[in-house]
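Me: I'm new to this one. Can you walk me through it?

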Amino acid sequence: MGLFSFTQEIAIDLGTANTVITCEGEVVVDEPSVVAISMSDNKMVAVGRKAQQMIGKGGNMIRTVRPLKDGVIADFYACEMMIRGMIKMIPHRSRFFTPSLRMVVGIPSSSTEVEIRAVRDSSEHAGGRDVYMIFEPMAAAIGMGIDVESPEGCMVVDIGGGTTEIAVISLGGIVSNKSIKVAGDDLNADIIEFMSRMHNLRIDEPTAERIKMQVGSALPELDNPPEDFVVVGPNKVTALPMSVPVSYQEIAHCLEKSIMKIENAVLQALEQTPPELYADIVRRGIFLAGGGALLHGLAKRLTDKITIQFHVAEDPLHCVARGTGVALKNVNNFNFLIR
C-alpha cells in the first residue's frame with residue numbers, strides 16, 4: 001500500500017431536495033440538492049446552499065440545476081458535479097491527494113434497474129471505488145433504531161422531497177412497498193398555486209418552502225398553532241410589492257389534496273400487508289421519517305384517519321442518512337445492500 005493510499009468511507013442520502021453525507025457516524029454535509037453551472041464552459045460554479053441562493057438570479061451566465069426529480073437522477077452530468085462538490089465539503093479532507101471512496105447511497109425503494117445503474121455510475125464517476133446502495137425506507141428504519149432483521153413487521157413512511165416511500169419491513173427485507181410521486185415538492189407547488197390564485201401574489205419555490213416550514217399544516221385546527229407568516233412579493237397583475245399574512249388554516253386547506261394522496265397510499269400499502277405483519281404494525285405503530293414528517297399536525301391526522309398510532313422519528317430529516325451510515329459499517333453483514 002502506498003504512503004498516501006487509504007480508503008475513506010462515506011454514506012450519502014441522495015435526496016431530491018437535500019443531500020446529506022455522513023462520515024464515521026457524524027453528519028458532515030447537509031446541503032440542498034442544487035448545483036450552479038457556468039453557461040460558458042459548463043463547469044460547476046457552486047453547490048448546495050450557495051447554488052440555491054443563485055436560483056433565478058444568474059440570467060444567461062449561470063444555470064442552476066436540481067439534478068434529481070421525483071427521487072431519480074434527471075441530469076447525470078449535474079448529479080456527478082453535485083456529488084463531487086459535496087464530497088469536497090467534507091471537513092478534514094486532504095487537498096493534496098484524493099483517497100479512494102467506499103460509499104453507501106440511499107435510493108428510492110421503487111427504483112428500476114436503469115435508475116439503480118444511474119446512481120451507481122454517477123457515484124463511481126464522482127470518485128466512488130466501492131459503491132453499495134440501500135433502499136431509503138430500510139435506511140430510515142435502521143436510522144430510527146429499529147431492528148430490521150427481526151421477524152417482527154414494521155411500517156415506515158418516508159416523506160421526502162420528490163417521493164413518499166412506504167415500506168413494510170421484516171427479516172431484513174422489504175415485504176411490500178408503495179411509492180408515490182407526491183411529497184415536499186408537490187406541497188411547495190400547491191402553496192405557489194394557492195398564493196397566486198387567492199392573493200394574486202407571485203412567489204418562488206424557496207419562499208414556498210419557508211411558508212411550508214413556518215405555517216404548513218395537515219390540520220385546520222392545531223393545539224399549538226404557529227403565528228401567521230408574512231409573505232412579501234410582487235402582485236402578479238400590477239407587479240407592485242405586496243405584503244400578505246398567511247395563516248396555517250389557509251395552508252392546511254391548500255395542501256388537503258396532496259395529503260389525501262399520501263393517506264390513500266398508506267391505506268393501499270396496509271391492504272397489501274400480510275395479516276401476521278399487519279398485527280405487528282397495529283401493535284408497534286407506523287413510523288414517519290423525512291422532511292414531510294415535520295408538517296404540523298400530520299402524525300395526528302394520519303393517526304385519526306387510519307386508527308393506527310403514527311410516530312414521528314426523533315430527527316426525521318437525518319434518519320435515512322444515519323441508517324445509511326450504519327449500513328456502511330455493516331456492508332459485510334447486511335444482505336439487503338445492493339452491489
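Reply: Let's start with a term: contact means heavy atoms within 4.5 Å. Residues 24 or more positions apart account for 63% of the contacts in the chain with a separation of 6 or more. This is a predicted model, where local features need pLDDT of at least 70, side-chain atom pairs count only at pLDDT 80 or more, and totals for chains, interfaces and linings use all residues. Residues are numbered from 1 along each chain as its sequence is written, and side-chain values use heavy atoms, with hydrogens and water left out.

Me: How many helices and strands does the chain have?

Reply: The chain has 10 helices and 17 strands. Both are DSSP runs numbered from the N terminus: helices are H or I with at least four residues, strands are E with at least two.

Me: What share of the residues is buried?

Reply: 52% of the 339 residues. Buried means under 20% relative accessible area, exposed over 50%, partly exposed in between (1.4 Å probe, protein chains only).

Me: On to sheets. What is the strand order in the open sheet of 5 strands?

Reply: The order is 3-2-1-9-10, with mixed pairing. Two strands pair if DSSP finds at least two bridges between them.

Me: Which strands stand at the edges there?

Reply: Strand 3 (26–32) and strand 10 (128–135). Each has a single partner strand, so one side of each is left without a neighbour in the sheet. Neighbouring strands of this sheet are turned by 20° against each other on average, direction ignored.

Me: Do strand 1 and strand 9 pair in the parallel or antiparallel sense?

Reply: Parallel, over 7 bridges between strand 1 (residues 7–14) and strand 9 (residues 100–107). Ala11 has Val104 in strand 9 as its bridge partner.

Me: Which strands does helix 2 touch?

Reply: Helix 2 (residues 76–88) touches strand 1, strand 2 (18–23), strand 3 and strand 9. Its direction makes about 125° with that of strand 1. Axes are lines fitted to C-alpha atoms, for helices over the stretch in contact, and angles run from 0 to 180 degrees between N-to-C directions.

Me: And which strands does helix 10 lie across?

Reply: Helix 10 (residues 319–329) lies across strand 1, strand 2, strand 9 and strand 10. It runs at about 145° to strand 1.

Me: Why is helix 10 largely enclosed?

Reply: 8 of its 11 residues are buried, so the rest of the structure largely encloses helix 10. Among them are Cys319, Val320 and Leu328.

Me: How do helix 4 and helix 10 cross?

Reply: The axes of helix 4 (residues 136–143) and helix 10 come within 6 Å and cross at roughly 85°. That makes helix 4 roughly perpendicular to helix 10. By the cut-offs, angles under 35 degrees are roughly parallel, over 145 roughly antiparallel, 65 to 115 roughly perpendicular and the rest oblique.

Me: Last topic: what about the hairpin of strand 12 and strand 13?

Reply: Strand 12 (residues 164–170) and strand 13 (residues 173–180) pair in the antiparallel sense over 7 bridges. The hairpin has 2 residues between the strands, and Leu171 takes a positive phi near 55°. Thr164 has Ile180 in strand 13 as its bridge partner.
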